[in-house]
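Here are some notes for a first look at this structure. Please read them with the model open beside you.

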Amino acid sequence: MISFEHVSKHYAQKNSSLPALTNLTFSINDHEIFGVIGQSGSGKSTLLKLLNTLEVPDAGEIYMDGLALSQLTNQQRLRHRKRLGMIFQQFHLLGNLTVFQNVALPLKLAKIKNPEKVRQLLAFVHLKDKADAYPKQLSGGQQQRAAIARALVMDPEILLCDEPTSSLDGHHAAEIKTVLQEINQVFGTTMIVVSHELELIQQLCRRAAVLEEGRLRAVLEVKTTAKAATASYYQQIKEHLQ
Amino acid sequence: MMTTYIETIRYYLPELFLSLQQSLLMLLIATAGAIFLGLPLGTLIYLSRKGVYRYSRLLAFFLNGYVDIVRSFPFLLLVVALIPLTRELIGTAFGTYAAAFPLAIVAVALYARLVEQVLLDVPEALLELANVLGASKKQLIFEFIYVEARSGLVLALTSVVISLVSYSTVMGVVGGGGIGDFAMRYGYQRYEYAVMYTAIGLMILFVSFIQIGGSFLAKKIDQKH
């Protein structure tokens, strides 16, 4: 369980301070796929940075399983970050590493050798045959799937998704949605999906926080549509255009 | 005419070989300096620019100072100015080893600056990723930055080595010898222009070889493009 209690964050500018988040209070349940929706500049990225402890709130506190994130020691902070997996809009794969090496990178950092685990995850994201390929040889969707496998390799309890489909076209975006749903079902991973794409939030999340200029407008129950994320590219186009 | 040329070159061959050995020795020492000191120094300047260390600004000030001072020295003057220090450290200010010292000082500064510039091209996203994955500073450098910047680092080192070939030619001043000194003494000063142009030809060949080798290696280890 993650709870935000009166969290505010400002960024100092030359003569003033720019509020990024103001007085946020809400909570996210375990095993939930929780959406955070808002336009750019609404504070979505700041929210992820706070969860990651890359930033500390100016006021208020974020609790994760009862642990106050701003009180962590350096050692605890590193351990905390390892409980989280993160996927990015631009994938952030290392171009000079193969898909296998990219996925294995968090293990290498933690000095763990587990090639079997890497292979299993590559199979899970349907990239088994691309293990020795370099990112430049993959499509955007495949790169994002590799990045997802990397995020999962340390068995995170929480997966933070920063605009996971924004740089992908319709078909590849649908693929990623399916993979994310599967992760939630198979591993029970709590997910926080930050996006400005209403459709993604609608298809993935049960609840979503709406941010506007750093303020929480509401936490909405999402009406799930039966729209299958697995529909073919042609079906999706037809659905949209007709 | 051809026979005279061959005879002249044959006459100077032992000196030529010796000078090539001296050049190679000076270059090896200076290049080792660039790799083992210039690379960490450049990385440190880059990291302090990124504010990774607590005393980043102060550190950057001193490191940049060293690099700028060394680089702004006319090379010949640097060699002469360093004579007392060279004598202190190496025991003599004369000979190939003594000549390699100022060359290494320049190599460190040159490569440090180029390393910093190469690393500045590493995407910010990579630092973000390293942070998110909880990488230590050492891991950030070796598992992220150097991995992605490796071909740029090789190309920068290639440029440094080529500059060093040029710098090393004036080392006759402190008795460092080398191919440049050979060309001056046995070619230019004895009016043996064939000898001088042969030496220059050899240097061009050598530099081309380094450039081709460096570019080839850089391309081979680059999987990004």
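**Notes on the two chains**

1. Start with helix α2 of chain B, residues 56–72. At 1.5 Å a residue, its 17 residues should span 24 Å, and its end C-alpha atoms are 24 Å apart, so the two values agree. Keep in mind throughout that this is a predicted model.

2. Which residues of α2(B) are buried? They are B:A60, B:L63, B:V67 and B:V70. Seen down the helix axis, the buried residues of α2(B) fall within an arc of 115°, so they line one face of the helix.

3. The face of α2(B) turned away from the buried side carries exposed residues. Among them are B:R57, B:D68 and B:S72, but also B:L58, B:F61, B:F62 and B:I69. B:G65 is exposed on that face as well.

4. Now the nonpolar cores. The largest one has 118 residues. Those with the most contacts inside this core are A:A149 and A:V193 from chain A, together with B:L103, B:A107, B:Y111 and B:V160 from chain B. Helix α5 of chain B (residues 96–120) gives the largest share of the core, 18 residues.

5. Look at A:A149 in more detail. Which residues does A:A149 contact, leaving aside its neighbours within four places in sequence? They are A:V103, A:L121, A:L122, A:F124, A:V125 and A:L127.

6. Chain A as a whole comes to eight helices and 10 strands. Its radius of gyration is 18 Å, close to the 18 Å that the globule rule gives for 242 residues, so chain A is as compact as a globular protein of that length. Along the principal axes, its C-alpha atoms fill a box of roughly 55 × 50 × 35 Å. Of the 242 residues in chain A, 40% are buried. Take the contacts in chain A between residues at least 6 apart in sequence: 70% of them join residues at least 24 apart.

7. Next, the contact between the chains. Chain A puts in 18 residues and chain B puts in 16 residues. On the side of chain A that touches chain B, α2 (74–82) and α3 (99–109) of chain A each supply at least two residues. The most comes from α3(A), with four residues. By type, that side of chain A divides into nine nonpolar, five polar and four charged residues.

8. Two residues of chain A deserve a check of their backbone. Phi of A:H31 is near 65°, a positive value in a residue other than glycine. A:H31 is found in the loop between β2 (17–28) and β3 (33–37) of chain A. Phi of A:F91 is also near 65°, and A:F91 is likewise not a glycine. A:F91 lies in the loop between β6 (84–87) and α3 of chain A.

9. Are these two residues buried or exposed? A:H31 has 12 other C-beta atoms within 10 Å, so A:H31 is exposed. A:F91 has 23 C-beta neighbours inside 10 Å and therefore counts as buried.

Technical notes
Residues are numbered from 1 along each chain as its sequence is written. Chains are lettered from A and ligands numbered from 1 in the order in which they are written. This is a predicted model: local features need pLDDT of at least 70, side-chain atom pairs count only at pLDDT 80 or more; totals for chains, interfaces and linings use all residues. The radius of gyration is taken over C-alpha atoms; the globule rule is 2.2 Å times the number of residues to the power 0.38. A residue is buried if 20 or more other C-beta atoms lie within 10 Å of its own, exposed if 12 or fewer, and partly exposed in between; C-beta atoms are placed from the backbone. Two residues are in contact if their C-beta atoms, placed from the backbone, lie within 7 Å. A nonpolar core is a set of buried Ala, Val, Leu, Ile, Met, Phe, Trp, Tyr and Cys residues joined through C-beta atoms within 7 Å. Ala, Val, Leu, Ile, Met, Phe, Trp, Tyr, Cys and Pro count as nonpolar, Asp, Glu, Lys and Arg as charged, and the others, Gly among them, as polar. The expected span of a helix is 1.5 Å times one less than its number of residues. The arc is that of the directions from the helix axis to the C-beta atoms.
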